[in-house]
Amino acid sequence: MKQILSSLSFRLALMFALVSAVLLGSIGFYLYFSLERELAWRDDQSLLGRLEHMQALLTSSDSIKDLRDRPTLYANMLGNEDSLLWVLDQDGEVLISVNPAGLSVPVGLSAGQTRLGYNEEGNARLAWHYLKQGNLNLMLVAGKLLAPREQMLAAYRLRLLLALAGGALIALLLGWLVSRRGLMPVRRLAKQAGAIDVRELHRRLNTRQLPEELRELGHSLNHMLARLEEGFGRLSRFSEDLAHEVRTPLSNLMGHTEHVLRRNRSTEEYESLLASHLEEYQRLSRMINSMLFLARTEQPQAVIQAEAVTLSMLVEQLCEYFEGMAEEADTSLVNQAHGEVWADQELLRRALANLLANALRYGEPGQPIVIGSEHTSNSTVISVHNHGPAIAAEHLPRLFDRFYRCDPSRTQGGDTGGLGLAIVDSIMQLHGGNVSVCSDNRGTVFMLHFPINVAIEPGRADPDKRW
């Protein structure tokens, strides 16, 4: 029962029934009061007509006594038991009376033209008129009991209420059937969506048969499925890459250890083994730290501490830090950055450091690495340009995936384990921006896009300092 009451079909049917009840009630209310006004108007016209007929009888008679002796004239004129008639003299004495209901004689009626009103008890409608006949001042009073009219209106009200209740019930049932019929596309859509599980994320909902109102929802669900499929694919690849990246140093550690333990070794050989182990441990530590940083930046509550960063000063510090590596790679770092950017200084330093390390690792010896910036009305773009072999087009879409390398054979001991560019991408997402890359025969350019119109709240802890 609770499930039925909470269903959308029942709610739509209930709203349809309420609307129908309001509409039928408004029409019934209008008809009832129209009938009431029409009956009152007809009764008033009937009373005024009786006064005119009575006045004509009095005018055509020689005296009031002739009418009193011939009561059938006006009794037949009244015609039913709910009608009343009085002829009063100027002292209020009743000269002629037709009063089957036994009502009290009306008193205190105002003089003047023909008037309409109610008696003192409020159970009769009256019309009166003053008439002068000879030397007599007469008052003619015609009346009609209200009880028959009220009984008829009460019966009409009861029928209206019954019709209203029946109409609302019928509207509820029809609304239930119509809503169930109308919501069939929603149930079909839910059935299609429910049939898609983790192993069938490639399936899509059929939106061609959906009505216009649900087609946009179907497209949104298909886009969500596409994102989920991509996310699960990346997660699967990440798990495979993670297992491969961890297995390699562990295999090295186990292999070296087993080889040394086969026989007694000298102190120098054990020291060499420990140094080799330390190198592998450092590699694992860098990988774990990078993964932990990525996990922290992807938390929904992750925030950064933004400030105005002078680009030329920050890039100059990085150039000094990488000066030794640049000399070993037979290249130079050129600082062409200028202006300011609103960002977290430490996170921006880390992103640029990863890009510079990547440029030094894959850049062409003897060619400079240029760090520049460009400011527009909507964004600030920081670029790192190095000369070297172009990156194949099939690698560009996955370049920022975790553990992805264009050439795994070029892995070096001091690299980030294939997580450097993924860290750059996460840092830019924290800033509401993005990182892009273009590569051709003129070299490779990584660009950090910082949107100016995205508000970043200052004064809050950055993700690397929250843990």
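User: In the hairpin of β4 and β5, which residue takes a positive phi?

Analyst: Gly 134 does, with phi near 65°. The hairpin has two residues between its strands. This is a predicted model: local features need pLDDT of at least 70, side-chain atom pairs count only at pLDDT 80 or more, and totals for chains, interfaces and linings use all residues. Residues are numbered from 1 along each chain as its sequence is written; side-chain values use heavy atoms, without hydrogens and water.

User: What makes β4 and β5 a pair?

Analyst: Two strands pair if DSSP finds at least two bridges between them. Strand β4 (residues 124-133) and β5 have ten, in the antiparallel sense. The strands themselves are DSSP runs (E, at least two residues; helices are H or I, at least four), numbered from the N terminus. In this pairing, Ala 127 stands opposite Ala 142 in β5.

User: How do you know that β1 pairs with β5?

Analyst: The count is six bridges, again antiparallel, and β5 covers residues 136-145. Leu 85 stands opposite Ala 142 in β5. Ser 83 has Lys 144 as its bridge partner.

User: Why is β5 called mostly covered?

Analyst: Buried means under 20% relative accessible area, exposed over 50%, and partly exposed in between (1.4 Å probe, protein chains only). Eight of the ten residues in β5 are buried.

User: Is Asp 89 buried or exposed, and how do you know?

Analyst: Its relative accessible area is 15%, so Asp 89 is buried. It is found in the loop between β1 (83-88) and β2 (94-98).

User: What does the side chain of Asp 89 reach, and what makes that a polar contact?

Analyst: It reaches the backbone nitrogen of Glu 93 at 2.7 Å. A polar contact is a pair of N or O atoms within 3.5 Å; within protein, one must be able to donate a hydrogen and the other to accept it, and residues adjacent in sequence count only if both atoms are side-chain atoms. Leaving aside neighbours within four places in sequence, Asp 89 is in contact (heavy atoms within 4.5 Å) with Leu 95, Asn 137 and Leu 138.

User: What is the order of the open sheet with mixed pairing?

Analyst: Its five strands run β7-β9-β10-β12-β11. β7 and β9 (residues 369-375) are parallel, with four bridges. Helix α11 (residues 345-362) packs on this sheet, touching β7, β9, β10 (379-386) and β12 (443-451).

User: Why is α9 called oblique to α11?

Analyst: The two pack at an angle of about 50°, with axes 10 Å apart. Angles under 35 degrees count as roughly parallel, over 145 as roughly antiparallel, 65 to 115 as roughly perpendicular, and the rest as oblique. That makes α9 oblique to α11. Axes are lines fitted to C-alpha atoms, for helices over the stretch in contact, and angles run from 0 to 180 degrees between N-to-C directions.

User: Which residues of α9 and α11 meet?

Analyst: Among them are Leu 311, Leu 314 and Leu 318 in α9, and Leu 348, Leu 352 and Leu 356 in α11.
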